[in-house]
Amino acid sequence: MGLSLTVLGCDGGYPAPGGAASGYLVRGAGTTLWLDAGPGTLANLQRHVRLDDLDAVVLSHEHPDHRSDVEGLAVALSLSGYRRGLRPVGADPDERTTLPVYAPAGLAGQVYHDGSPALAWHEVADGDRIRVGRLGLAFSRTDHGPPTLAVRVDGDGACLGYSADSGPGWSLEALGTGLDLALCEATYCARDEGRNQHMSARQAATSAVDAGARHLVVTHRWPTVSPEEIFEEASAVWGRPVDQARVGTTWEVAARASDPAEAPPSPGTGTDRVAGDGLTGPAIGSGL
Ligand SMILES: [Zn+2]
Ligand SMILES: [Zn+2]
């Protein structure tokens, strides 16, 4: 029970050497979402799920570091006969052959493969609530240049909130209370506040505190910014060590109704976590 969040990419702006820009795999209630498709994330996604298993793609905004791999997705789906294999003779020609992509207005028009019959584009906007499988999604317009949507995902008794990109004029509070996990951008440190329409580590942690989030994972650090400085600054405001997104790390978000003492162990599946780096473990539960 609960949700899982797997980092497919977390670099802000562009992929660092061997890295990937923003992208996350969210699974729960029998539903699989690809949340943002930055460069490098399509390759990492396929380490965890088959493309055929995706129920939807959600793109927060048009900046290439959040959506460029949707191009490769369209090609891959076309080469593999769209979804669920080739259609049997006589089947409904529209049944389960396209993959829904939810994105703000105007984004599809910037995609080279926007006309691909493998993808079904749907516009979403501030305040929209949709269902994908058995997950509920709610969107909130952030403080960022192009139309940008943060998203809250509810399912299986747990919820998580993703800030997408935002300046300090928006807060995780807009996603509602009771976030079990807040995935918030922390692009740089406080000395660079105001440099771009992004949050510093200090602002990200402040936003998570204000929202009453139970757990904080910071992400979207520019590769030019020190992860140690991000960690120290965010943790000082958060009051305890924050987690930093790393490719391959999975957090299990336990259902709130469950007893953490009886919950199965959630060791996470990260392959690149460094022991003794001051980070907390990836497993979280309702009691944390
Ligand atoms: Zn970005
Ligand atoms: Zn952006």
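The protein chain folds into five helices and 14 strands; here helices (H or I, at least four residues) and strands (E, at least two) are DSSP runs, numbered from the N terminus. The model is predicted, so local features need pLDDT of at least 70 and side-chain atom pairs count only at pLDDT 80 or more, while totals for chains, interfaces and linings use all residues. Residues are numbered from 1 along each chain as its sequence is written, and chains are lettered from A and ligands numbered from 1 in the order in which they are written.

Of the 288 residues in the protein chain, 50% are buried. A residue is called buried if 20 or more other C-beta atoms lie within 10 Å of its own, exposed if 12 or fewer, and partly exposed in between, with C-beta atoms placed from the backbone. Among the contacts with a separation of 6 or more, 57% link residues 24 or more positions apart; a contact means that the C-beta atoms of two residues, placed from the backbone, lie within 7 Å.

Now to the sheets. Strands of a sheet pair through backbone hydrogen bonds, either parallel or antiparallel, and two strands are taken to pair if DSSP finds at least two bridges between them. One open sheet has seven strands in the order β6-β5-β4-β3-β2-β1-β14, with mixed pairing. Its edge strands, β6 (119–123) and β14 (250–253), each pair on one side only. Within this sheet, β1 (residues 3–9) and β2 (residues 23–28) run antiparallel and are joined by six bridges. Thr6 can be found opposite Leu25 in β2.

Another open sheet, again with mixed pairing, arranges seven strands as β7-β8-β9-β10-β11-β12-β13. At its edges are β7 (129–132) and β13 (243–244), each pairing on one side only. Strands β11 (residues 181–185) and β12 (residues 216–219) run parallel, with four bridges between them. Leu183 has Val217 in β12 as its bridge partner. Helix α4 packs on this sheet, touching β11 and β12, and its direction makes about 150° with that of β11. Such angles run from 0 to 180 degrees between N-to-C directions, and the axes are lines fitted to C-alpha atoms, for helices over the stretch in contact.

Ala211 belongs to this helix, α4 (residues 201–211). Ala211 counts as buried because it has 22 C-beta neighbours inside 10 Å. Leaving aside residues up to four places away in sequence, Ala211 touches Ser171, Leu172, Glu173, Leu175, Thr177, Leu179 and Ala182. Leu172 is 39 residues from Ala211 along the chain, yet their C-alpha atoms are separated by 5.7 Å.
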